[in-house]
Amino acid sequence: MIFAKVVGTVISTQKDENLNGKKLLLCKEVDHKGKPLSTYHVAVDAVQAGEGCFVLLSYGSSARMTESTKNAPIDAVIMAIIDDLQITHSTQGRK
Amino acid sequence: MIFAKVVGTVISTQKDENLNGKKLLLCKEVDHKGKPLSTYHVAVDAVQAGEGCFVLLSYGSSARMTESTKNAPIDAVIMAIIDDLQITHSTQGRK
Amino acid sequence: MIFAKVVGTVISTQKDENLNGKKLLLCKEVDHKGKPLSTYHVAVDAVQAGEGCFVLLSYGSSARMTESTKNAPIDAVIMAIIDDLQITHSTQGRK
Amino acid sequence: MIFAKVVGTVISTQKDENLNGKKLLLCKEVDHKGKPLSTYHVAVDAVQAGEGCFVLLSYGSSARMTESTKNAPIDAVIMAIIDDLQITHSTQGRK
Amino acid sequence: MIFAKVVGTVISTQKDENLNGKKLLLCKEVDHKGKPLSTYHVAVDAVQAGEGCFVLLSYGSSARMTESTKNAPIDAVIMAIIDDLQITHSTQGRK
């Protein structure tokens with residue numbers, strides 16, 4: 001899963017019928033500290049993520065494993081809102 | 001899902017039988033503002049996207065989740081035409 | 001799907017039994033105009049693509065959706081030979 | 001599969017119900033010698049990996065093939081803790 | 001599929017039970033001529049590939065399509081040992 005911040009909404013009228021009622025959110029990828037990276041993703045919201053939220057995105061077939069996304073032609077889902085990260089080990093050097 | 005603009009059509013006579021009747025569109029990846037990026041994708045059209053349209057592409061097994069693409073050996077589908085993007089949160093800085 | 005040109009054949013005797021009788025082709029990725037890029041791919045041929053052909057490759061689980069590739073441990077298939085590309089929209093600028 | 005080192009924990013209260021009881025670990029990608037690379041991944045732990053562990057991550061639908069991750073909307077799993085690597089062949093030059 | 005050379009073995013005691021009895025090999029990606037590239041992959045061996053072998057790796061769900069890898073949480077498999085490559089077409093210029 002990757003980190004992202006919800007920054008907007010995608011409006012679409014003409015879309016596959018399995019997308020009806022699903023919220024397509026514009027997400028900006030961020031690093032684990034919340035610092036913005038350059039990539040944007042569009043993901044379906046499965047956890048009522050408000051805009052500005054720091055979230056986790058899951059990709060591929062796994063994106064269809066939530067109640068609201070099953071059978072939909074979507075490849076990214078917001079499946080968790082992040083409360084906090086606890087970094088307990090040095091991120092430098094060998095094991 | 002990623003953003004793209006439909007820029008052309010791919011013509012193929014000799015193809016897998018599950019592709020018969022499907023429209024293969026040439027799409028140029030764009031950023032969330034519609035600015036062209038360098039990558040091209042070929043995707044099947046599931047939403048009657050006209051050429052020039054600003055669309056969303058879904059990748060992988062998810063591309064087979066529309067009525068018109070199920071069981072086809074294709075890994076990208078146009079599943080929504082974008083009307084508008086509402087950016088409601090700063091895309092800079094932390095949460 | 002991505003564009004490629006068939007440039008050779010991969011010979012393998014010791015392989016998974018589901019690969020028996022399948023043709024493994026060496027493909028060089030090209031851009032939409034047929035200009036060679038630097039990446040090579042090995043893909044199973046599902047459309048009798050001759051060497052030198054300008055083809056489309058489909059990746060991932062979708063590569064197993066042809067009659068000749070189902071159940072095989074392969075992640076790329078040639079599923080169409082390209083006759084022509086019709087570019088009908090400017091590939092520059094916004095929608 | 002790729003190499004990673006477990007460096008922290010992701011805390012999330014509001015998440016998809018299939019994630020309940022699963023441990024989301026922050027992993028830093030490392031090379032085969034354990035040297036840190038720049039990418040971070042979030043993966044579900046399927047093998048009781050302690051923090052600081054040198055582990056293997058599996059991606060995509062394969063991440064759902066463990067007892068603890070089946071049916072969950074997750075795209076990365078820690079499926080092995082690495083004890084050792086035995087490099088028995090030169091990593092330089094042709095076969 | 002991509003080209004790789006088997007260069008070592010990954011030893012793991014604490015791992016998902018579906019990995020028992022499977023050989024995890026360290027593979028260095030190579031180009032089609034066997035020249036080493038910089039990326040390493042860990043893949044399960046499905047074809048008794050000896051170390052030093054020039055092999056093909058298949059990724060994603062396709063990696064689970066061999067007898068020895070079905071249902072395992074692995075995303076890469078060695079599914080063929082390469083005997084030879086026959087390059088029969090120029091890899092330069094257009095079709």
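# Cysteines, strands and chain contacts

Biologist: How far is the sulfur of C53(C) from the closest cysteine sulfur?

Modeller: The closest cysteine sulfur is in C27(C), and it is too far for a bond. A disulfide needs two cysteine sulfur atoms within 2.5 Å. From C53(C), the distance is 9.9 Å.

Biologist: What kind of model is this?

Modeller: Residues are numbered from 1 along each chain as its sequence is written, chains are lettered from A and ligands numbered from 1 in the order in which they are written, and side-chain values use heavy atoms, with hydrogens and water left out. Local features need pLDDT of at least 70, side-chain atom pairs count only at pLDDT 80 or more, and totals for chains, interfaces and linings use all residues; this is a predicted model.

Biologist: How many disulfides does the structure hold over all chains?

Modeller: In chain A, the sulfur of C53(A) has its closest cysteine sulfur in C27(A), at 10.0 Å, which is too far for a bond. Over all chains, the number of disulfides is 0.

Biologist: What pattern does chain A follow along the sequence?

Modeller: Chain A has 0 helices and 6 strands, where helices (H or I, at least four residues) and strands (E, at least two) are DSSP runs numbered from the N terminus. The C-alpha trace of chain A spans about 50 × 25 × 20 Å along its principal axes, and 58% of the 95 residues of chain A count as buried. Read along the sequence, the pattern is β-β-β-β-β-β.

Biologist: Which backbone nitrogen lies 2.9 Å from a polar atom of the side chain of D45(A)?

Modeller: D45(A) lies in strand β3 (residues 36–45) of chain A and is buried at 12% relative accessibility. Leaving aside neighbours within four places in sequence, D45(A) is in contact (heavy atoms within 4.5 Å) with K23(A), L25(A), S68(A) and I78(A). Its side chain reaches the backbone nitrogen of Q48(A) at 3.2 Å. The nitrogen at 2.9 Å is that of A49(A).

Biologist: What is the C-alpha to C-alpha distance between P73(E) and N18(E)?

Modeller: P73(E) sits in the loop between β4 (54–59) and β5 (76–81) of chain E, buried with a relative accessible area of 0%. P73(E) touches residues of two chains, including S58(D), M65(D), M79(D), D16(E) and N18(E), when residues up to four places away in sequence are not counted. P73(E) and N18(E) are 55 residues apart in sequence, and the distance in space is 7.2 Å.

Biologist: How much area is buried between chain D and chain E?

Modeller: The contact takes 31 residues from chain D and 39 residues from chain E. Carbon and sulfur atoms give 53% of the buried area, which is the accessible area (1.4 Å probe) that two parts lose on being put together, summed over both. On the side of chain D that touches chain E, the elements giving two or more residues are β4 (54–59), β5 (76–81) and β6 (84–87) of chain D. The area buried is about 2800 Å².

Biologist: How many salt bridges are there between chain D and chain E?

Modeller: A salt bridge pairs a side-chain nitrogen of Lys or Arg with a carboxyl oxygen of Asp or Glu within 4 Å. Between chain D and chain E, the count is 0.

Terms used. Buried means under 20% relative accessible area, exposed over 50%, partly exposed in between (1.4 Å probe, protein chains only). A polar contact is a pair of N or O atoms within 3.5 Å; within protein, one must be able to donate a hydrogen and the other to accept it, and residues adjacent in sequence count only if both atoms are side-chain atoms.
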